[in-house]
Amino acid sequence: MSFRKRGEVINGANSGVRAVPGRTPVARPTIPTGRTPTVIGGRNPVVHSPSTLADRLDRVSIRNEGKKTDERESLDANHPGVKPSPATSHQTTSTGSFHLDKVLGHSGLPLGNSLLVEEQGTTDFGSILCKLFSSQGIVHNRIENSVTSGNTHLIVLSINQGFAKELPGVYKGSRKDIRKSKIAEEEAKVTVQNLTGKTNAARSNDLKIAWRYGLGNESSDKEGLGKPNLNDENNYSHQFDITTRLMPAPSASEITFISPLQPVQVVLNQVEQAIKKQSGKIIRIVVPSLLHPAMYPPSMFNLAKIMPILHGARSIVKNYGSRCILFASVSSDLLDELLLTQIENTFDSVINLEPFDQEMTQLLERAYKSQPNKIQHGLLHIMKLPIFSERGEMHVLKSSYAFKNGKRKFEIEEWGIPVDDIEDTEKDTPTHEHAGVEHKTDNTKVSVEF
Amino acid sequence: MSNVQKQDLVLFSDSSVISKELCTGKSHDLITITSSPATSSFWLLTTLVETRLTGAPFSLNSTSVPVVTHKNMNLITIASFIHNAQYYTDALNRLKLGPESYKYIDLLTNFVIKNIGKPRAKVLSELLEKFPQDSTSVVILEQPEVLLTLLDGLTSDELHRKFIMPLMQRCGLLIISTNINYSPNGQTKDAIEFSRFVAGCFYKSIAVLSLKPLDTGRAADVTGSFRITRGGASNSHLSCHVVENEYLYLNQKENTKLFYR
């Protein structure tokens with residue numbers, strides 16, 4: 001037994017050559033450092049001196065320099081979250097809302113583009129869209145059987161570190177479906193109770209005939225409910241349940257938080273470093289509640305403070321256009337007109353959410369009394385669409401769409417003012433005069449009180 | 001609108017888009033293009049590049065585009081604060097205009113990282129140095145008003161004095177594309193600076209081209225109106241004059257058609 005210092009090269013430097021016993025190694029040029037090639041079967045191995053090898057590698061690297069940078073920026077061709085736009089063939093990825101994807105005209109947001117969701121009033125539907133967008137990225141990243149360990153990374157420009165824990169989970173079906181899948185999961189577990197077959201007694205009786213036809217295998221299929229599969233086309237876009245949370249919550253390997261309150265150069269450098277670190281992945285940059293007074297100090301409402309960040313972000317998104325997208329939400333009532341238009345100017349697409357006021361909501365509630373699910377929450381105006389608007393096409397559409405936010409989807413549909421049947425019926429009824437009198441008296445009362 | 005006869009684009013009375021008298025080295029002129037987010041001026045900018053390189057806006061007039069044989073990059077320089085080189089290269093490649101026939105200055109990529117914190121005068125002078133000194137060349141500058149938001153404390157007058165006017169002196173014709181989607185009657189200091197910048201451009205221009213969406217809203221067969229008006233600058237040094245006109249235009253699937261209003 002011999003003792004050697006750690007790190008000392010065995011047969012290193014100028015020592016002898018490892019060889020198969022009984023065979024004479026062929027003479028070769030000495031190699032000053034590194035591992036000595038082994039001779040097997042008396043064949044002469046092709047030996048290159050390190051200098052020539054290094055030269056060759058250098059030459060290869062020079063020749064492929066452009067290619068290497070492309071590889072760094074290119075995306076896995078089998079990325080489940082990317083598909084070509086039906087309109088322009090640009091590579092697009094889902095925003096997490098099927099209807100929003102459709103409204104954007106590309107079945108998603110084209111890579112290298114940005115989307116701004118403005119919102120009027122005091123509601124916060126924009127942040128729901130932000131969370132859907134973020135969840136979609138995380139779910140893409142977690143798709144099983146992926147060739148690489150992950151395919152998407154999320155960069156959140158916010159000081160709200162709790163954002164990761166607020167992301168909605170994938171919709172797993174109705175309560176009935178969830179209950180069934182839970183039962184199936186329980187039954188699939190290897191427990192003494194399951195093995196003795198006490199709980200499965202009834203079920204096994206039912207399946208005595210069915211096993212012949214392979215119907216019993218359904219349970220194993222149901223286990224995968226909600227777990228996306230690589231070969232499934234549905235992996236492009238998922239449905240999320242905003243009452244649940246994404247489990248497990250995104251880890252540091254999936255999400256990077258960068259505070260926008262740092263100096264501009266620091267913010268932009270951190271974003272770029274995060275993108276470079278996640279080579280070959282789609283990068284989703286999210287800016288939830290941009291310029292929200294609770295998160296941004298008053299100084300940030302100055303054009304010269306916020307615009308460099310957004311201009312720099314646009315520069316990064318365009319620079320890594322093959323795998324980077326940007327999504328931001330902003331409350332338009334908080335900003336002056338000039339600041340808002342300048343912010344809009346840095347985004348490729350802009351949509352505006354205008355929640356209904358109380359009167360409109362009441363009208364809708366009356367009109368859809370028997371169908372409360374049909375009540376919309378506001379109007380969606382399109383200000384700019386990705387790619388189309390940049391080309392010069394006019395795509396401003398105001399009051400053409402209405403949105404409603406439900407537990408399991410953010411729906412956008414064509415808007416039409418509903419007919420208020422109740423008012424009509426009231427007018428048609430013979431008690432109309434009586435009702436009018438009552439109304440008049442009410443008015444009188446009010447005026448007297450006033 | 002499909003039955004309406006489409007029109008050729010003419011800006012000057014010598015039936016040209018960019019008159020030959022403009023880039024002779026004897027004068028330094030400015031043309032301002034105003035647009036809104038709903039009616040981006042990108043198609044017009046590529047048309048002007050094409051006109052400069054091929055002699056006429058062939059793609060707009062739907063005639064066959066001649067192949068550009070000369071490779072003089074000094075003929076036209078494009079600089080943009082909101083688009084990168086790839087965007088212009090892709091669009092101009094479609095018009096059979098290779099990157100060797102024009103010069104592109106990318107003012108979007110890493111502009112903030114490289115310039116934030118530097119003195120304003122230094123940034124503006126460095127920007128200026130990027131443009132070639134050639135009084136027979138055309139420079140297209142997209143959205144220079146972005147500088148008002150990126151350089152803290154920059155005023156409209158300073159931008160004109162230290163960047164726009166020296167740039168005009170460096171070339172024969174400067175074409176500025178600016179986005180005016182805000183109320184010109186804004187009361188804030190920033191709004192006033194923006195208004196002053198655009199007004200300054202109008203005063204210095206020999207022609208103002210404005211792209212506006214229809215006042216009546218969106219239409220399936222019309223994108224907007226394209227108005228050509230004379231600017232505040234004198235064009236007495238030219239034998240031709242700007243032909244004031246208003247077109248309706250339709251921009252669809254990367255094609256643009258003009259119609260008389």
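I count two strands as paired if DSSP finds at least two bridges between them. The model I am reading is predicted.

**Strand pair.** I looked up β9 (residues 282-290) and β10 (residues 324-331) of chain A. They pair in the parallel sense over 6 bridges. I checked one position across the pair: A:V286 stands opposite A:F327 in β10(A).

**Sheet.** I then traced the strand order in chain A. It runs β8-β5-β9-β10-β4-β11-β12-β13-β14, an open sheet of 9 strands with mixed pairing. Which strands stand at the edges? I found β8 (255-258) and β14 (410-414) of chain A there; each has a single partner strand, so one side of each is left without a neighbour in the sheet.

I followed α4 (residues 125-141) of chain A. This helix packs on the sheet and touches β4 (114-119), β5 (152-157), β9, β10, β11 (349-355), β13 (397-405) and β14 of chain A. The direction of α4 makes about 160° with that of β9(A). Next I took α10(A), which also packs on the sheet, touching β4, β9 and β10 of chain A. Its direction makes about 150° with that of β10(A).

**Chain contact.** I turned to the two chains. I find 30 residues of chain A in contact with 34 residues of chain B. On the chain A side, α9 (264-277), α10 (303-319), α11 (337-345), β12 (378-384) and α13 (388-391) each supply at least two residues. Which element gives the largest share? It is α10(A), with 10 residues. By type, I log the chain A side as 11 nonpolar, 10 polar and 9 charged residues.

Note on methods:
Residues are numbered from 1 along each chain as its sequence is written. Chains are lettered from A and ligands numbered from 1 in the order in which they are written. This is a predicted model: local features need pLDDT of at least 70, side-chain atom pairs count only at pLDDT 80 or more; totals for chains, interfaces and linings use all residues. Two residues are in contact if their C-beta atoms, placed from the backbone, lie within 7 Å. Helices (H or I, at least four residues) and strands (E, at least two) are DSSP runs, numbered from the N terminus. Ala, Val, Leu, Ile, Met, Phe, Trp, Tyr, Cys and Pro count as nonpolar, Asp, Glu, Lys and Arg as charged, and the others, Gly among them, as polar. Axes are lines fitted to C-alpha atoms, for helices over the stretch in contact, and angles run from 0 to 180 degrees between N-to-C directions.
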